[in-house]
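Hi everyone, thanks for making time. Have a look at the model on the screen, and I'll talk you through a few spots.

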Amino acid sequence: MIQSCPSLTDCTPCVTSWKEIGRMFTMRARLHGLSQALKANMVREKVISVCLVCRNSHKLASIQAISKLNEKKQNSIIFPFKDLERYLVKNVNKMNFQMFAPSYEDIGNAERFFTPSNKHFIDYFTSAVRIDHAPATAQPEVCFIGRSNVGKSSLIKSLFSLVPGIEVRVSKNPGHTKKMNFFKVGKAFTVVDMPGYGYRAPSDFVEMVESYLQARQNLKRTFLLLDASVGIQEADQIAIEMCEEFGIPYVLVLTKIDRSQQGNLLKIILEVQEVIEKQTSGCFPQPFLVSSLNYSGIHLLRCFIAHTTGSLQINEHNSSSLRSMGNSTKT
């Protein structure tokens with residue numbers, strides 16, 4: 001049985017003990033409060049960080065932002081060819097420039113695949129330097145190839161601009177991408193950023209890229225990027241011939257359309273269209289025009305990627321001029 005001290009005021013050891021206990025409880029309370037404050041601050045900083053990333057993303061990155069513009073501006077951003085169409089002479093066939101013309105509803109539905117959620121995770125997945133190092137997956141894939149400094153990484157960053165904090169490295173120096181970089185888009189599809197060919201290309205570029213293009217069974221479409229300010233170069237012609245030789249379905253994408261005057265841009269587009277018609281059989285008839293700077297054509301390209309991977313079914317009744325890919329002899 002513990003006997004209490006008859007007089008705390010006269011018992012120095014007891015007084016000291018009780019004071020220590022009080023200090024201990026006070027310290028625990030303070031530590032608990034500090035811990036809670038730190039947790040709250042971390043959550044607050046995380047929310048602020050995400051908000052800042054979203055705020056710093058391009059003002060035209062989402063279809064919702066574009067819907068606030070007037071109809072003419074909307075069309076010029078989503079369908080950049082419309083701004084050039086009026087300059088064409090009457091005998092030029094415009095049909096191939098409108099093979100894929102989804103509705104605004106379709107484009108809005110496609111944007112959901114490029115918008116992360118708790119159930120739809122989008123992020124850099126892994127890198128590989130050889131085909132046998134590439135991740136084994138049955139998920140549909142699309143890949144982007146092109147000359148060094150054509151704007152591949154910038155384009156992919158624009159496609160994923162609605163994903164806060166995604167790691168897409170963009171450099172001013174050509175030849176920055178040295179590996180095959182895989183970006184997983186939920187359970188829907190994978191986007192692959194390939195090393196650039198030409199200046200400062202990796203020494204094992206041929207072994208890396210050609211092996212991937214030939215062997216990757218789940219590759220649904222290859223996007224071959226061309227610089228719209230200079231047109232098709234010799235290295236690009238070789239890349240086109242490579243895609244034709246491999247018999248893979250591919251698309252020509254003209255990047256940096258903001259850097260070229262309308263007259264020069266239209267001339268290059270018509271030259272590219274002539275190459276598609278006369279020199280290719282596996283290329284999609286319609287070239288895509290994009291700018292990572294002002295987001296022209298980005299929303300349309302998102303929709304095409306979602307559609308070509310089988311993730312999105314286009315509602316033809318809501319489309320003004322959609323032509324099914326299956327109606328063309330080219331795939």
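**Rings and helices**

Okay, start with Lys-184: its charged end sits over the ring of Phe-125, 5.2 Å from the centre. "Over a ring" means NZ of Lys or CZ of Arg within 6 Å of the ring centre and within 35 degrees of the ring normal. Lys-82 lies over the face of Phe-79, at 5.7 Å from the ring centre.

Quick note: this is a predicted model, where local features need pLDDT of at least 70, side-chain atom pairs count only at pLDDT 80 or more, and totals for chains, interfaces and linings use all residues. Residues are numbered from 1 along each chain as its sequence is written, and side-chain values use heavy atoms, with hydrogens and water left out.

Now, ring pairs. Rings of Phe, Tyr and Trp (its six-membered ring) pair if their centres lie within 6.5 Å; planes under 30 degrees apart are stacked, over 60 edge-to-face, the rest tilted. How many aromatic pairs does that rule give? The count is 13. One of them is Phe-113 with Phe-189, tilted, at 6.4 Å centre to centre and 45 degrees between the planes. Phe-113 is in the loop between helix H5 (104-111) and strand E1 (122-128) and Phe-189 in strand E4 (residues 189-193), so the pair ties together parts 76 residues apart in sequence. Helices (H or I, at least four residues) and strands (E, at least two) are DSSP runs, numbered from the N terminus.

Is Phe-189 buried or exposed? Buried, at 0% relative accessible area, where buried means under 20%, exposed over 50%, and partly exposed in between (1.4 Å probe, protein chains only).
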